[in-house]
Amino acid sequence: MTTTLDRTANRALTPGLPARLSLTPKTTLAGRLDGAWWPRSRDLTAELPALAEALEGRWGRITRVLVNPEHWPVVPHKVAATGHVLHVGWFTEQDPDKVILLSYTTGRCDLLVIPPETEPASAARLMTAAALPGSVLTAGSLMSGEAVADRRMREARSSEDAWDAEGGAAPALRPHPAAHPVVGARMIALPGHTGR
């Protein structure tokens with residue numbers, strides 16, 4: 001029996017998970033970003049087809065993708081998508097936290113790229129911030145702002161953990177024995193006495 005391997009078959013064409021994406025609502029307020037994308041890995045060959053498919057309804061067929069290679073270990077020249085090929089280019093001058101997608105019909109779409117290893121709560125904050133209509137924040141400023149917020153939250157949690165480890169409260173105050181001379185005594189009702 002002879003086995004033939006087709007090394008040109010693209011594993012990205014197999015059905016996978018949908019792209020995690022947040023887009024700005026259609027409005028007249030133009031911002032610096034059109035939304036955010038949270039890929040599951042740093043493999044453009046595996047991630048770009050789902051992104052192109054998710055954007056097709058709103059932006060038309062994506063034909064070109066531009067990235068900064070700082071966060072992508074391999075930048076392929078071409079990536080097979082459903083029914084067409086994405087041409088991928090890279091520019092070191094481009095914001096490393098952004099991907100630019102080009103379509104013949106609609107033009108350009110700029111998305112914040114949230115690193116795959118980002119915690120879900122942080123990613124949710126970033127996706128919301130990047131999709132605000134008319135926002136003047138850049139991808140880099142959103143990422144650095146989230147890094148500061150994340151550091152502050154970790155410091156606050158560390159302080160809370162230390163507080164809990166030390167008992168979580170100041171030592172309980174003990175009353176002075178002279179202040180309550182009958183502490184621990186039992187009240188016994190006398191016969192014929194109402195207790196008022």
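Trainee: In what order do the elements of the protein run from the N terminus on?
Mentor: The order is β-β-α-β-β-β-β-β-α-α, where helices (H or I, at least four residues) and strands (E, at least two) are DSSP runs numbered from the N terminus. This is a predicted model, in which local features need pLDDT of at least 70, side-chain atom pairs count only at pLDDT 80 or more, and totals for chains, interfaces and linings use all residues. Residues are numbered from 1 along each chain as its sequence is written, and side-chain values use heavy atoms, with hydrogens and water left out.

Trainee: Which residues of helix α2 are buried?
Mentor: In α2 (residues 120-130), they are Ser122, Ala123, Leu126, Met127, Ala129 and Ala130; buried means under 20% relative accessible area, exposed over 50%, and partly exposed in between (1.4 Å probe, protein chains only).

Trainee: Why do they line one face of the helix?
Mentor: Viewed down the axis of α2, the buried residues fall within an arc of 165 degrees, so they line one face. The arc is that of the directions from the helix axis to the C-beta atoms. Pro120 and Thr128, on the other side of α2, are exposed.

Trainee: Turning to charges, what lies over the face of Trp38?
Mentor: Arg20 does, at 3.7 Å from the ring centre. The criterion is NZ of Lys or CZ of Arg within 6 Å of the ring centre and within 35 degrees of the ring normal.

Trainee: Are Trp37 and Trp72 buried or exposed?
Mentor: Both Trp37 and Trp72 are buried.

Trainee: And what share of the protein is buried?
Mentor: Buried residues make up 33% of the 196 residues.
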